[in-house]
Amino acid sequence: MANSVTFATSINMSVIKYWGKRNEELVLPMNGSIGLTMDSEHLCAKTTIEINPEFKEDRIWLNGKEETMQNPRLQNCLREIKKRAQVPQQMVNWKIHIWSENNFPTAAGLASSAAGYACLTTALAKLYKIEGNISGIARFGSGSACRAAHGGFVRWYPGFDDLTGSDCISETIFPASHWPEMRILVVVVNDSKKKVSSIEGMTRTVQTSEFMKYRAEKISPKRIDQMLEAITNKDFEMFAELTNRDSNEMHGVCWAAYPPIFYNNDTTLGIIELIHLYNNAKGGHKVAYTVDAGPNATLFLLEKDVTEFLSILHHHFPIIEEVISEYFKGMPVGNIPAPQELLERIKYPTNKPGKLKYIIYTKVGDGPKQLPDCEAVNLQSQFK
Ligand code: PMV
């Protein structure tokens, strides 16, 4: 039997955001969330795992570099998986080697740990023959990994069982094919490491932000229902407004922490302002934005609007000529000059080139995918 497997998993970007835990140990969120899993062709964590009686100890390599196994989140995932393993006990006792790599920047607010833990948990479940919904296990690695364990449009339920967290799981509410015109632009503003981790940010917000409880109790449940309606009816206007509002509010709650936490930078705020001006000039919501715990913005829009919006974005945030061949990643994008009549209606200054590092153009994806052995993460990296 195969003692090694490889999976690729993309990130799941929330449109109703998870922020704040009611139980840190069990990773139970204060509110439910909804997110869209991206296409792993363009953005993914790839993980190969092997169990082997010859291995002397558990080891892990991330992006080619050996890291410690003594990471509590990793240990929690492994523990939960081993509890449910359906293979002979001797195999459960074999040591494990894990190799994982991302094709996007780590810890830059792009949910890299979510993709990584969702990928690891899915691979572990396959190797140890665990059936059923494993999102509740991925949750122990990274909260939002719970959503990334599924494809399409995903809902994460906060659950009611505060003792074991058994009902705190996610599920696909619609497959990617439900809304095939939906497109995603990941706008990478700054790919350096973020200053306040999401763990620290959430803890401080829960402890000090007066807005936190109000958001979790009064705003989020209602907004989840509205978002379900928007996605069910493929109502982009409603989807966009809810997405924008929820992102702004998550950051508002962070501002209200003490000391305050800022994840946006000037460029992030500029993108948000430009999107509002563009939507206004178009007479309705054509573009939605959301920002996680970092400065990058993820934009949602329908396929028919992508080329025009990019022409406006790059008019105001010009690309450095020398890096243009590296700038567009993911699916191919069209290229048109920004329409003059729109530019006249959008009163926004032009920034100096290079504020945006690159863009990943993708769509909604089908979730974790098993890869053939020939696509395993380069195992030789352990010897480098
Ligand atoms: O996955 P975590 O535990 O690092 O939490 C990150 C939460 C956000 O990405 C900021 C929001 C979300 O809903 O994913």
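1. The backbone oxygen of G35 lies 3.4 Å from a polar atom in the side chain of N12. A second polar contact, of 2.9 Å, links the side chains of N12 and T37. A polar contact here is a pair of N or O atoms within 3.5 Å; within protein, one must be able to donate a hydrogen and the other to accept it, and residues adjacent in sequence count only if both atoms are side-chain atoms.

2. The model is predicted: local features need pLDDT of at least 70, side-chain atom pairs count only at pLDDT 80 or more, and totals for chains, interfaces and linings use all residues. Residues are numbered from 1 along each chain as its sequence is written, and side-chain values use heavy atoms, with hydrogens and water left out.

3. N12 belongs to strand β2, residues 12–16. Helices (H or I, at least four residues) and strands (E, at least two) are DSSP runs, numbered from the N terminus. N12 has a relative accessible area of 1% and is buried; buried means under 20%, exposed over 50%, and partly exposed in between (1.4 Å probe, protein chains only). Neighbours within four places in sequence aside, the contacts of N12 (heavy atoms within 4.5 Å) are G35, L36, T37, R147, A148 and V154.

4. Helix α1 spans residues 72–84, 13 residues in total, and reaches 19 Å from first to last C-alpha, close to the expected 18 Å. The expected span is 1.5 Å times one less than the number of residues.

5. The buried residues of α1 are L74, C77, L78, E80 and I81. They lie on the same side of α1 because they cover an arc of only 165° around the axis, taken from the directions from the helix axis to the C-beta atoms. Their cover includes β7 (59–62), β9 (95–102), α3 (112–127) and α4 (135–138). Exposed residues P72 and K83 sit on the face turned away from the buried side.

6. Residues around the ligand (a heavy atom within 4 Å) include S14, K17, Y18, W19, S142 and R147. At G143, a backbone N or O atom is 3.2 Å from an oxygen of the ligand. Of the 380 Å² of accessible area that the ligand has on its own, the protein covers 94% (Shrake-Rupley method, 1.4 Å probe).
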